[in-house]
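The structure is shown first.

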Amino acid sequence: MIKDFFSGISSYFSAFQIISKLGLWKYFLVPLVISLLVAGGLGTAIWTLSGALAAWLLPWIPWEIVTGVVLNILFGLVGFILFKHLVIACVSPFMTPLAQKVEEHLTGNYTKYSGFNGTKAIKDLFRGLRIATRNIFKELLYVIPLFLLGLIPILTIPCMILIFLIQAYFAGFGNMDYTLEGHFSVRDSTRFVRKHRWLAIGNGTVFLLLLGTGIGFLVAPPLAAVAGAKETVKRLEPLALEEERDEYCLLYTSDAADDL
């Protein structure tokens, strides 16, 4: 658990080395533009809707100042969750090839992937949106009740910690799926990430911290994709060896049966 968590964090440091060695800096440009567009569009929408909803609710609720502060924090939290998942989904057509290049470098298998492809990019986008939609609903299902419980002073700090860990898990899920997309269905990817949940939390922790800075969100997607790929591939290799062993055993058994 602890080892996976710190592996998810430390992989960001080696991500810079991998990016420099493979010359992958070009993958930063498009996610940067997409992040700015999503931030601008979503920020405007949240600001408009939150203002209208707050104006409608406040006359019906006493303690307007306190209620206004709580609503603004809640809107900000929901907006951050939406932004995180939309960015992860929208950049998937560009981050999946990036993760695959890292996997090729780490495994030495240069025949599996053929680089960027328009049809595949569309499939990656739809897969990313599917996972993002699923994760948004599940994350809100956990986070909003915890936020409301956190209004009780004695529960504030524990609830804040849990909210952060939940957000980190789902962020790490999206970042790891750039690599898992080439191996598993959405259901199997979910099982894989659930099994390695603390790796996802470690990856997502740095990702959230980068998103929370003034400019860190501009470089967060490619860094997280490379960091996630590095650690995910390590955990995929034993599975691949196990599959090869099972196939060999099946073939050996079949040949032995034919000899009989």
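Is Tyr169 buried or exposed, and which of the two is Phe173? In this predicted model, Tyr169 and Phe173 are both buried.

**Aromatic pairs**

Searching the whole structure gives 6 aromatic pairs. Two of them are set out below.

| Pair | Distance between ring centres | Angle between planes | Class |
|---|---|---|---|
| Trp25 and Phe28 | 5.2 Å | 35° | tilted |
| Tyr169 and Phe173 | 6.5 Å | 80° | edge-to-face |

Trp25 is partly exposed, its relative accessible area being 43%, whereas Phe28 is buried at 11%. The planes of Tyr169 and Phe173 stand at 80°, so this pair is edge-to-face. Both residues belong to helix H6 (residues 156–180), and because they are 4 residues apart there, about one helical turn separates them. Elsewhere, one aromatic cluster is formed by Phe5, Phe6 and Trp198.

**Largest pocket**

The largest pocket holds about 410 Å³ of space. Its lining is made up of 17 residues, and those nearest the pocket centre are Ile73, Leu77, Met160, Ile163 and Gln167. Helix H3 (64–90), helix H5 (118–149) and H6 each give two or more residues to this lining. The most come from H6, which supplies 6 residues. What classes of residue make up the lining of the largest pocket? It has 12 nonpolar and 5 polar residues, with no charged ones.

Key
Residues numbered from 1 in each chain as written. Predicted model: local features only at pLDDT ≥ 70, side-chain atom pairs only at ≥ 80, totals over all residues. Heavy atoms only, no water. Phe/Tyr/Trp six-rings, centres within 6.5 Å; stacked < 30°, edge-to-face > 60°. Buried < 20%, exposed > 50% of the residue type's maximum accessible area, 1.4 Å probe, protein only. 1 Å grid on protein atoms, 1.4 Å probe; cavity = no way out; pocket = protein on both sides within 12 Å on 5 of 7 lines; lining within 4 Å. Points joined across faces, edges and corners; volume = space filled by probe spheres on them. Nonpolar A, V, L, I, M, F, W, Y, C, P; charged D, E, K, R; others polar.
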